[in-house]
Amino acid sequence: MLSIAGLAAGYGRKQILSGIDLEVRAGEIVVVLGANGAGKTTLLNAVSGMCRINAGRITFKGTDITAMRPDRIAAAGLSHCPEGRQIFQRLTVEENLVVAHVGRGGKSFETLREEAFALFPILRERRNSAASRLSGGQQQMLAIGRALMAEPDLVMLDEPSLGLAPKLITQIFQIVLDLAAAGISILLVEQNVRLALELGDYGYALESGRLRVEGGAQKLAADPRLAEVYLAGGDKGAVHA
Amino acid sequence: MTGIIIQQIFNALTIGAIYAMIALGYTMVYGVLRLINFVHGDLFMLGAYVALAGFVLLAPGGGLVWALAAALIAIAVFMVVGGVGVAIERTAYKPLRNSNRLAPMLSSLGLSLALQTAVQITMGPQPIAFQSLFPAIPLDFLGARITTVQIGIVVAALLLMVGLKLFIARSRLGVVVRAVSENRRTAQLLGVDVDKAISTIFFIGPGLGALGGVLFASYYGVMMPTMGIIIGLKAFTAAILGGIGSITGAVVGGFLLAFFEVFGTAMLPILTNGWLGTEYRDIFAFLMLILVLLFRPAGLFGEQTSEESMVMKRDF
Amino acid sequence: MAGPSTDGARAPGSTAESAPENAMVRNALRAGLLLVVITLVLVPFQSTYAVRVADSILIYVLLGIGLNIVVGYTGLLDLGFVAFYAVGAYTYALLASPQLGLHLPFLVILPIAVILGGLAGILLGFPVLRLRGDYLAIVTLGFGEIIRVLINNADTVTNGPRGVMRIDRIDVAGFTISRPIDFYWLLLVTVAIVAVIAFRLEKSILGKGWAAIREDQDAARGIGIDTTKAKLAAFAISAMIGSLAGVIFAAFQRFVSPESFSLQESILIVLIIVIGGVGNILGVFVGATVLLLLPEILRDYAELRMLLLGLLMAVLIVLRPQGLVPRSFGPDRLLAALRRR
Amino acid sequence: MKRSLLSLVGLAALVSTSLTPVMAEEVTIGAEAPLSGPQALFGVTWHNGIKMYFDEVNAKGGVNGKTFVLEQLDDKADPREGTLVAQKLCDDDNVKAAIGPFNSGVAQASLSIYGECGMPQLVFGSNPALTTQGFTHLFRPVANDFAQGGLPAKYAFETLKATKAAVIHDKQVFGQGVATIFTRDFEGFGGTVVSSSAVNPTDVDFTALITQLKSQSPEVIYLGAVMPQLALFAKQMKEQGLEAKLIVPDGGYTPDLAAQAGKDAAQGVVVSFQVPPMDASEPLKAFAAAYKAKFGEDVGPYSVYGYVIGQIAVEAVAKAASTEREDIIEALRTIKIDTAVGPIEFTETGDLKVAPVFLYAVDGDGFKLVASSE
């Protein structure tokens, strides 16, 4: 589905990622781990065309999307649920969905909206209220619902659990599992290592913008190098924050 | 006395309607690009000239033919000046989207100067008489003298503004435009063609401003190449007063500024016992603006956001 | 955010500091400086017209350096700078002309005008402290207009639209400064002094505070910078320089009237610093030269002049949005180029 | 389209004249005025008037073996630019005389520069103070504010029997100047000025002011301003039903007044002008027709004055002992010329010896003489 080879990327003159190889197969949940500042968010931004790519190649469903504009990438079926949710605060819940409906798969807006409401019934209740009045959890649901409006083949989730109550986290992750079961590939960036590896099929760990370890979820969970990533990265992160 | 007050209210409403139409263009562009589009005042001027060209070309007779021609001309003005707006955005602002915020503003100043002089060279610097879009019939109303032109202008402006509000609130493109103005990056991330949304704004804003120019020329019966400067500045002040970026704010700001001006002209000499004359009217309008901003630093309807400084933070 | 990459091999710009390129830049800077010095020395041997144009440019350089403190160093857009220019010009005009029958010496008026300018700067500074970005721009614009309209309307003092006529020449210690060439030397010395002061200010603690405000106001407050004081200082110092320029302008033209202090002048000064390169003293020189010479070169084209000027302005900005002289090419680099062999 | 065609014809004419062998001596006259910016209207049409006369003279092969070249320079109505223009003309030895500046402020800033280089200067600014400073190179072939503000006051009080007048001006040198004289004279006759207001020179909307004036019911309104404000004011007065006699200065003596105000609203508006009735003066009628043919537009507000200044300049050069600047100044000092607006002579200070002023009222499509200062 998605494959990244030899990626180096950053913002402006600052290079953050280098030598990244990564693969997401159809229907798979792949998790990206790493300490603060390891370059996880930059990785997702690089895939969706939001930062400067200095080297490497990104292909999605066999098409090279390395130099593509972000909106074209999204319209090609690669949805990105960005860090901090980025809900349009001044728009209503339903309008947030309208924006993301780019008419890709051919399903009408109403059908897709009903599908999203079926996943998150609370959104139906609050469909006409301003998004700024939603709670954090509801906003996260809206962000995921919104990402689904493009009928994506792959969804990238950037720390969906951040700042949420444990009960909500379980609910969100259950939906992630459901999506994967429905055939949508997931690329997940997550702080909560234990949960992420429970959920995912395969994992990558970043340290200072480079890949440190990768492997099947269970194998990775047991790998001692994973802990080092967090220890080393933690220090670095503290220094460069 | 009531006659005078009603008269003044109508005077203010007419000017306010025109200010509001132009202020909308400033506020919409600002909402998306954070840019003071100085060339907007000159697009307003261009609208009047395009309408004049339309009248010369069509040379409509009276009655229904006239009404039809006027409608056609209004549409043509909207399309032509809207197109010019989009072209300006593509050539002069798009390359500057990621540079410091002063750059596009000053590039718009340069274009403003160029556009003004270009019209002056081709059409001559002299004011040209303009036939009103509406028939001028004076109506006496509670001691006030109101013309059908005034009513026509207020009605036309209100219809256009309601139309715009509906478009922005209801249509998908309108929703997209709002999303882009709130967060361009995220909108793009969701598959929105941001360039298209920005073009939409640079089509509608100048289009409305140009129609404002036609209404203006209809009201005063005269147009000239430099007419955009002062009106543009006033409409911009109105947009700031209402809270730049807010559509409601632009409309309210336009009417409010007109009321300040009209009643300032009327009341200043009386209130200050002749000490301050009407020549202080503009000062009065600016002082009101400063006062409003002191209590509401982001204008009446503007959202108080932590805004970056005008000049670029980093220069990479 | 993220830490820097460990291998900077592909990072663009990392080679910019490499030796050969630096030497080239150094030579270019030296050549440029030589050219400037030659021009400055040659001006007096040109026609009076050329000297007058040079005087005009230098007055705008002075104004540009002043405005640069608020716009370039502190990052606040001031569209009413011309107000301070007017304060200085009218202070000199009223205290040294038949208008009020006062004929104070230049050296007495100069400090008065500069102090008045500073006070006007603080007066403007107060209401705009809370405002940001474009709101600040429009309020400063309004302030400029208010001052102009006040001058135009206060007939009894300022003679209104007719302006103040027959302003005294500058007489300092027996020397009369009246010919364009005299003003050329006076302006050259003044500009040099003011430029050095501005440069020193930029490098001072206060200058660092301004830079912090420019980058991020909230963060600046967070690290303990008194943003109120720093901003007021910026407004005051910038206004003092503007007022100083006004004094010289009034003495040079020997006539001041409200039309010299229109909004267009404010915008012209902003343009000077942006076309030259925001926040850069060298840029101010380049910007003022370009923007004042262009209309002179085009003067014979009458109506076409403004069309060409407008288009050139837009094209210049689109091609070089960061200005003709980038910020990194500040005077420090120039000095370094001169020192190093 | 029409315009560009016309200018093509004009160009062809220009080329054909310049192709004829040059026998005559070319004399360059500098002319400065605002040719760009908000005041370009006045400067451009004023210059067109000068250009017209020069072209006429050159087409006839010049005067006394001299042909005339007009060097037009734009000062944007900015005093600072004016000083540069003045210096530029001064430094150019080919320039024998200067016409301009158009604005009093620009003139004041550059008077001494022209004076120092001994340039014969035909200034247009109407501020009376310009000619009181002892400059000997300076001539003003146009009435100053005293002449233009006085007659309307007399006319209002004596002929119209008005006792209540409202005075409005645009807070510019000219507008305020004539309005002040009107007020002084009208009150001197015993009339009452019920209100005195100023508007911005850029204002186009006077409805609020007019509504306020309505409650003061003046019989006469004197408006010291320029076009297009004069037309706009007349139009808005009519729309709001303010019944009073509107008197305006010379800028209103143009067909534009009726075109822009609307024929109805313009009827009866009284305009002061330095020029005797059009019908009585054949050159003037011819001028209006020729102007339209040459520039493809109606005569501008000050085109006639431009033409007259052209006449004066040419006459001075023709009569001068040589084309040296001081000789031209000498010639101007003693000049006696019958121009399109009547005979002109200068006083010691350079003002017009006789500055006749005529009052016209808009009548139908034209102007009708209602009073004169003679």
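Some conventions to begin with. Residues are numbered from 1 along each chain as its sequence is written, with chains lettered from A and ligands numbered from 1 in the order in which they are written. Because the model is predicted, local features need pLDDT of at least 70 and side-chain atom pairs count only at pLDDT 80 or more, while totals for chains, interfaces and linings use all residues; side-chain values use heavy atoms, leaving out hydrogens and water.

Chains, then. Five pairs of chains are in contact, and chains B and C share the most contacts, a contact being heavy atoms within 4.5 Å. Chain A and chain D have no contact, and their closest C-alpha atoms lie 38 Å apart.

Now to chain D. Domain 1 of chain D is given as 25-143 + 280-340 and domain 2 of chain D as 146-273 + 358-372; such bounds come from an automatic or database domain assignment. The C-alpha centres of these two domains of chain D lie 29 Å apart.

What do they bury between them? About 1,000 Å², 66% of it on carbon and sulfur atoms; that is accessible area (1.4 Å probe) that two parts lose on being put together, summed over both. On the side of domain 1 of chain D, P301(D), Y302(D) and Y305(D) lose the most area, together 35% of what that side buries.

In residues, 12 from domain 1 of chain D are in contact with 11 from domain 2 of chain D.
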